[in-house]
Amino acid sequence: MNATVTPINGRDRAVLRAVAAGRAEFSPAGGGLVVDGLNLSDQFAGLRLTTAGLIVDRPGPAALTPTGVAVLAAA
């Protein structure tokens with residue numbers, strides 16, 4: 001089995017760190033990711049990281065998946 005791994009950029013690592021620190025949540029109104037009460041300037045970061053399976057997309061506090069924890073630890 002071949003696995004393709006796409007490296008994450010510095011912005012994505014920063015978002016993963018914010019999620020791990022409990023500083024991020026998904027806005028119930030727009031579904032976007034909010035960090036420290038502010039919308040991210042990269043409006044697609046939340047979608048990109050949930051699609052990659054690194055964070056759980058649910059209303060309320062964002063959480064890392066086990067894969068997200070591993071990726072953050074390796075970064």
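Helices (H or I, at least four residues) and strands (E, at least two) are DSSP runs, numbered from the N terminus. Here we're looking at a predicted model, where local features need pLDDT of at least 70, side-chain atom pairs count only at pLDDT 80 or more, and totals for chains, interfaces and linings use all residues. Residues are numbered from 1 along each chain as its sequence is written, and side-chain values use heavy atoms, with hydrogens and water left out.

View 1. Of the 75 residues, 33% count as buried; buried means under 20% relative accessible area, exposed means over 50%, and partly exposed is in between (1.4 Å probe, protein chains only). The accessible surface comes to about 4,900 Å², and carbon and sulfur atoms own 57% of that. These areas come from the Shrake-Rupley method with a 1.4 Å probe, and for residues only the protein chains shown count as cover.

**View 2. Helix H1 spans residues 10-20, with Ala14 in it.** Asn9 caps the N-terminal end of H1, with a side-chain oxygen 3.1 Å from the backbone nitrogen of Arg11. After H1 comes Gly22, whose phi is positive, near 75°. Ala14 itself is partly exposed, at a relative accessible area of 33%. What is the C-alpha to C-alpha distance between Ala14 and Leu72? They sit 9.4 Å apart in space, though they are 58 residues apart in sequence.

**View 3. The buried residues of H1 are Asp12, Val15, Leu16, Ala18 and Val19.** Down the axis of H1, these buried residues fall within an arc of 160°, so they line one face of the helix. That arc is taken over the directions from the helix axis to the C-beta atoms. The partners that the buried residues of H1 pack against include strand S1 (24-26), helix H2 (45-51) and helix H3 (66-74).

**View 4. Asp12 and Arg48 form a salt bridge, their closest N and O atoms being 2.8 Å apart.** Asp12 lies in helix H1 and Arg48 in helix H2, so the pair ties together parts that are 36 residues apart in sequence. A salt bridge is a side-chain nitrogen of Lys or Arg within 4 Å of a carboxyl oxygen of Asp or Glu. Buried or partly exposed: which is Asp12? At 5% relative accessibility, Asp12 counts as buried, while Arg48, at 33%, counts as partly exposed. Leaving aside its neighbours within four places in sequence, Asp12 is in contact (heavy atoms within 4.5 Å) with Ala45, Arg48 and Leu49. Arg48 also bridges to Asp42, with closest N and O atoms 2.6 Å apart. Salt bridges that share partners join Arg11, Asp12, Asp42 and Arg48 into one network.

**View 5. Asp36 sits in the loop between S2 and S3.** Its phi is near 55°, a positive value in a residue other than glycine. Most residues other than glycine have a negative phi. Arg23 forms a salt bridge with Asp36, the closest N and O atoms being 2.7 Å apart. The pair links distant parts of the chain, since Arg23 is in the loop between H1 and S1, 13 residues away from Asp36.

**View 6. An open sheet of 4 strands runs in the order S3-S2-S1-S5, with antiparallel pairing.** The edge strands, S3 (38-39) and S5 (60-61), each pair on one side only. Two strands pair if DSSP finds at least two bridges between them. Strand S2 (residues 33-35) is joined to S3 by 2 bridges, and Val35 stands opposite Leu38 in S3.

How values were computed. Polar contact = N/O pair within 3.5 Å; in protein donor to acceptor, adjacent residues only side chain to side chain.
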